[in-house]
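Visitor: I have a model open and would like to learn how to read it. Could we start with a pocket?

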Amino acid sequence: MRRDRLLLLIGLLAAAAYFYGLLADQYMLRLFIKPIPVLCLIAWLAPLPDADHRRIAMALALSAIGDLLLEFQPPFFVPGLVAFLGAQVVYIVAFTARDRRPQWLRAVPAALFGAGAYLWLAPSLGAVVGAVAAYIVAICVMLWRAWAMVGGTHPQRLAVFAAVGASAFALSDVLVAYNRFVAPVLALKVLLMVLYWTAQWLIAASVVRQSKD
């Protein structure tokens, strides 16, 4: 428990430092600090006793790489998108391994969300429209598979964590694209990072962990 609290404190302090770097326009601070909250979640999941833990940790690691690539100036947008695409694929595998029920009706709102996001963003995406479209498909599948767990065999509180986390992740990603390609707004970047870190924390918290107390 002491270790968990220490990792939480480090993650929260790193997030606060990132927001300071954002507001004060401190590029190097943001670059080095941004992956730390997600790295703390990886450490929180260790040691990794089963495949589910390892999958979630792998998705978090890919996300941390994506964090760095997107924070670079100029940003490596497409490589960063590929890293996050890999994270979404691993999350899809993890959620499907937990519950294989199709739950097709739950795919409908995810698909509508993706279609709406694409139609909203596409006119401003230019050369990366294809890459962003592929990513939207992946995050919609991830969203569907997360909500498919609710009411299944995975512990319900943890299934809800994953579903809400996936929803926050999807919304955060849409805001990332809007902020980058449509209208850069500082307040929006603060909001999308709050959503992103909350999403990753909820998804990490959706694993079944053995107490170390």
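Predicted model: local features only at pLDDT ≥ 70, side-chain atom pairs only at ≥ 80, totals over all residues.

Visitor: What is the volume of the second largest pocket, and how do its lining residues divide?

Guide: The volume is about 510 Å³. The lining has 21 nonpolar, 4 polar and 6 charged residues.

Visitor: Now the core. What is the general idea?

Guide: In soluble globular proteins, nonpolar side chains tend to be buried together. Here the largest nonpolar core holds 69 residues. Ile56, Leu60, Tyr91, Phe95, Met142, Phe169 and Trp197 touch the most other members. Its largest share, 13 residues, comes from α8.

Visitor: Take Phe95. Which residues is Phe95 in contact with, leaving aside neighbours within four places in sequence?

Guide: Ile56, Met142, Arg145, Ala146, Met149, Ala162 and Ile203.

Visitor: And His154: is it buried or exposed?

Guide: Use the cut-off: buried means under 20% relative accessible area. His154 has 8%, so it is buried. His154 sits in the loop between α7 and α8.

Visitor: What does the side chain of His154 reach?

Guide: The backbone oxygen of Ser206, at 2.8 Å. Beyond neighbours within four places in sequence, His154 is in contact with Arg98, Ala159, Ser206 and Val208.

Key: Residues numbered from 1 in each chain as written. Heavy atoms only, no water. 1 Å grid on protein atoms, 1.4 Å probe; cavity = no way out; pocket = protein on both sides within 12 Å on 5 of 7 lines; lining within 4 Å. Points joined across faces, edges and corners; volume = space filled by probe spheres on them. Nonpolar A, V, L, I, M, F, W, Y, C, P; charged D, E, K, R; others polar. Core = buried A, V, L, I, M, F, W, Y, C linked by side-chain atoms within 4.5 Å. Buried < 20%, exposed > 50% of the residue type's maximum accessible area, 1.4 Å probe, protein only. Helix = DSSP H or I, 4+ residues; strand = E, 2+ residues; numbered from the N terminus. Contact = heavy atoms within 4.5 Å. Polar contact = N/O pair within 3.5 Å; in protein donor to acceptor, adjacent residues only side chain to side chain.
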